[in-house]
Amino acid sequence: MTPKPHDATTRVDVALGGERAYPVLLTDELPGEPVAAELARAVPRARRVLVVTDDHVAPLYADAVVAAIAATGREATALTLPHGEETKALGTIGEVVDAALARGILRGDALVALGGGVVGDITGFAAAILHRGVAFVQAPTTLLAQVDSSVGGKTGVNHATGKNLIGAFWQPRAVVASSRVLGTLPAREVRCGLAEALKHAFLEGEEAVRWCRDRVAALTTLEGDATRALVARCVRYKAAVVAADERDHGVRATLNLGHTFGHAFELLLGYGALTHGEAVALGLVLAARLSERLGVAAPGLEELVVDTLRAFGLPHDPDAADLPALPALIDAARGDKKAEGDGVAFILLHAPGRPEVKQLDFARIAALLGG
Ligand SMILES: NC(=O)c1ccc[n+]([C@@H]2O[C@H](COP(=O)([O-])OP(=O)(O)OC[C@H]3O[C@@H](n4cnc5c(N)ncnc54)[C@H](O)[C@@H]3O)[C@@H](O)[C@H]2O)c1
Ligand SMILES: [Zn+2]
């Protein structure tokens, strides 16, 4: 018997307490029906649903999602935002809330985030504050959102002075990730997601890094089995970390590997000049370099990180002439939300699979990286 498409679904549970536990479903179907079905299961009382998306994703997938939700007897409409990181601002939250209220979304209704990390972070934050919290479902359409941002309940927007400075913890009721939608992603966005997946691999361990390196061709071309396995692997890893430390007081901080300098690159170059993943890739190199210079990692870690990023076609030279120099990066990192006083909780790596959160003064970081 040929298995039904539904049988191809992989389920990973995010084991949070009580009603905050939720499934991440990885499906090979287009998002319409699986999203509608999951919404009906997870938020059965919802009568009205606002599907928030962006102007790249809307023409490709939004009609099908709206129609599938409507077919379950709910009133569904879409709100299309301009694409891009600039949209991830407080003003947009006002627009989403205005639209939701204008369309009669009540406390028991739901939002759906159909898009990449930008749409997911915006929609989650709007859901967190609307009526003091309405349900939302993540339907991530970028590789980055599938391997990382749709899971874990960090939501929010940027401020002119830094990334993600405004936000809330608000868990989705379900995540439905369709491998089919990745086919329309621009190649650069695929690499962006791979950067975040490689961050997970370096956190997970040597075997995970090797697994990725053995599949460079399959992963960069989004070959089905390899991509499905990568997304499942990243989601399992992230779900476990989030379940252990939902509010980011301990182990979850390690997910910030590469992000202190990654965010600094993004801020200095203007959000959008580098993709988030490209900025994180450069940040990973500096984290490995700092780990070596502190004597925390054995020599060779930076080389392994650089080699891996290069194999995947990702930026790997933070010293390139067209990138901001160290003093500017350090200044930008001071504004990061993880910075405290003169220092920052920096994520070092002893080796793949052995991260350490260490409080470091910026002056020390500057001195170590300066030479
Ligand atoms: N909340 C978290 O835990 C978390 C974790 C990591 C990253 N993030 C955030 O995620 C954001 C980056 O997310 P992103 O990389 O998904 O960027 P994005 O949402 O901007 O999407 C990238 C581009 O791809 C387009 N797109 C999306 N899906 C598509 C599809 N299927 N086909 C064609 N085009 C498509 C979008 O319109 C956009 O132009 C950043 O703001 C970052 O801070 C959040
Ligand atoms: Zn990230």
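How many C-beta neighbours inside 10 Å does L222 have, and does that make L222 exposed, partly exposed or buried? L222 has 19 such neighbours, so L222 counts as partly exposed. The scale runs as follows: a residue is buried if 20 or more other C-beta atoms lie within 10 Å of its own, exposed if 12 or fewer, and partly exposed in between, with C-beta atoms placed from the backbone.

**Before you click**

This is a predicted model, where local features need pLDDT of at least 70, side-chain atom pairs count only at pLDDT 80 or more, and totals for chains, interfaces and linings use all residues. Residues are numbered from 1 along each chain as its sequence is written, while chains are lettered from A and ligands numbered from 1 in the order in which they are written.

**Stop 1: the loop around L222**

Stay on L222. This residue sits in the loop between α8 and α9. Helices (H or I, at least four residues) and strands (E, at least two) are DSSP runs, numbered from the N terminus. Check the backbone: L222 is not a glycine, yet its phi is positive, about 60 degrees. Most residues other than glycine have a negative phi.

Now select T221. The loop between α8 (216-220) and α9 (224-244) holds T221 too. T221 counts as exposed because it has 11 C-beta neighbours inside 10 Å. T221 and G183 are 38 residues apart in sequence, and their C-alpha atoms are 9.5 Å apart in space.

**Stop 2: two domains**

Colour by domain. The assignment gives domain 1 (5-184) and domain 2 (187-370). Such bounds come from an automatic or database domain assignment. Over C-alpha atoms, the centres of domain 1 and domain 2 are separated by 26 Å. Domain 1 puts 30 residues into the contact, and domain 2 puts in 34 residues. Two residues are in contact if their C-beta atoms, placed from the backbone, lie within 7 Å.

Select β1 (10-14), β2 (22-27), α5 and β8. Each supplies at least two residues of the side of domain 1 that touches domain 2. By class, that side has 14 nonpolar, 11 polar and 5 charged residues. Here Ala, Val, Leu, Ile, Met, Phe, Trp, Tyr, Cys and Pro count as nonpolar, Asp, Glu, Lys and Arg as charged, and the others, Gly among them, as polar.

**Stop 3: ligand 1**

Where does ligand 1 lie relative to the domains? Domain 1 and domain 2 both give residues to its shell, so ligand 1 lies between them. Show the 30 residues around ligand 1; H56, G116, G117, T142 and S149 come nearest. A residue is near a molecule if its C-beta atom, placed from the backbone, lies within 6 Å of it.

Highlight α4 (117-129), α5 (143-149), β8 (162-169) and α6 (187-204). Each of these supplies at least two residues of the shell. The shell has 9 nonpolar, 13 polar and 8 charged residues.

**Stop 4: the core**

Which residues touch the most other members of the largest nonpolar core? They are V51, V52, V65, A110, L111, V112 and L114, out of 116 residues. Helix α11 (residues 276-293) gives the most to this core, with 10 residues. Domain 1 and domain 2 each contribute at least three residues to this core. A nonpolar core is a set of buried Ala, Val, Leu, Ile, Met, Phe, Trp, Tyr and Cys residues joined through C-beta atoms within 7 Å.

Centre on A110. Leaving out residues up to four places away in sequence, A110 touches L39, V43, A46, V49, V134, A135, F136 and V137.

**Stop 5: a sheet of 3 strands**

Move to the open sheet with the order β10-β11-β12 and antiparallel pairing. Its edge strands, β10 (339-340) and β12 (354-361), each pair on one side only. Two strands pair if DSSP finds at least two bridges between them. β10 and β11 (residues 343-351) pair over 2 bridges. Find E340: its bridge partner in β11 is G343.

Next, β11 and β12 are joined by 8 bridges. V344 stands opposite L360 in β12. The two strands form a hairpin with 2 residues between them, and G353 in the turn has a positive phi of about 90 degrees.

**Stop 6**

Select H131, in the loop between α4 and β6 (135-140). H131 is not a glycine, but has a positive phi of about 50 degrees. With 14 C-beta neighbours inside 10 Å, H131 counts as partly exposed.

Finish at A71, in the loop between α2 (58-70) and β4 (75-81). A71 has 13 C-beta neighbours inside 10 Å, so A71 counts as partly exposed.
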